[in-house]
Amino acid sequence: MTMIDVKPVEGLDIAVVNADDVLLKDEDTASQLFLSIKTQGGTNLIAINQEAFPTKFWDPTTGFPGRVLDRLIQNGMKMAVVGDFNAYANGPFLDFMAEANNGFHLFFVADEDTAATRLRNAVEDDKKLNRA
């Protein structure tokens with residue numbers, strides 16, 4: 001069962017997605033989720049647990065994580081993936097994760113509080129850089 005709750009955090013609404021199994025099976029399901037959250041949830045900020053992603057997401061050589069990032073950007077979304085990523089600590093994924101965490105749209109964090117902080121900071125950075 002997947003639960004999606006929109007929670008107010010310091011003046012921002014964040015869609016918190018807790019999935020029991022794979023939710024973002026491909027680029028189309030990712031886009032559908034992003035669009036649904038944006039239109040029905042009224043927010044472009046997502047905190048989502050790692051269980052929502054298929055195995056291919058954790059291997060950047062498949063191209064899937066980059067395509068999900070592209071869909072995020074196309075839909076004007078920002079997403080924090082919440083979980084323990086030690087099981088995926090291979091070279092390519094660590095590189096992808098480091099690059100994402102230094103960007104403005106996709107973050108990998110340990111808990112929902114850190115997700116909220118990273119998403120809030122990304123929104124503030126957008127305002128400072130006149131990208132909002």
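This is a predicted model: local features need pLDDT of at least 70, side-chain atom pairs count only at pLDDT 80 or more; totals for chains, interfaces and linings use all residues.

Biologist: What makes the span of helix H1 close to the expected one?

Modeller: Helix H1 covers residues 27–40 and has 14 residues. The expected span is 1.5 Å times one less than the number of residues. That gives 20 Å, and the helix reaches 20 Å from its first C-alpha to its last.

Biologist: Why is Glu27 called buried?

Modeller: Buried means under 20% relative accessible area. Glu27 has a relative accessible area of 16%, so Glu27 is buried. Leaving aside residues up to four places away in sequence, Glu27 touches Phe64, Arg67 and Arg71.

Biologist: How do you know that the buried residues of H1 line one face of the helix?

Modeller: The buried residues are Glu27, Ala30, Ser31, Leu33, Phe34 and Ile37. Seen down the axis of H1, they fall within an arc of 160 degrees, so they line one face. In general, an α-helix has 3.6 residues a turn, so residues three or four places apart point the same way.

Biologist: Which residues are exposed on the other side of H1?

Modeller: Gln32, Thr39 and Gln40 are exposed there; the term requires over 50% relative accessible area.

Biologist: What makes the pair formed by Asp26 and Asp28 a polar contact?

Modeller: A polar contact requires N or O atoms within 3.5 Å. At the start of H1, a side-chain oxygen of Asp26 comes to within 3.1 Å of the backbone nitrogen of Asp28, so the distance meets that cut-off.

Technical notes
Residues are numbered from 1 along each chain as its sequence is written. Side-chain values use heavy atoms; hydrogens and water are left out. Helices (H or I, at least four residues) and strands (E, at least two) are DSSP runs, numbered from the N terminus. Buried means under 20% relative accessible area, exposed over 50%, partly exposed in between (1.4 Å probe, protein chains only). The arc is that of the directions from the helix axis to the C-beta atoms. A polar contact is a pair of N or O atoms within 3.5 Å; within protein, one must be able to donate a hydrogen and the other to accept it, and residues adjacent in sequence count only if both atoms are side-chain atoms. Contact means heavy atoms within 4.5 Å.
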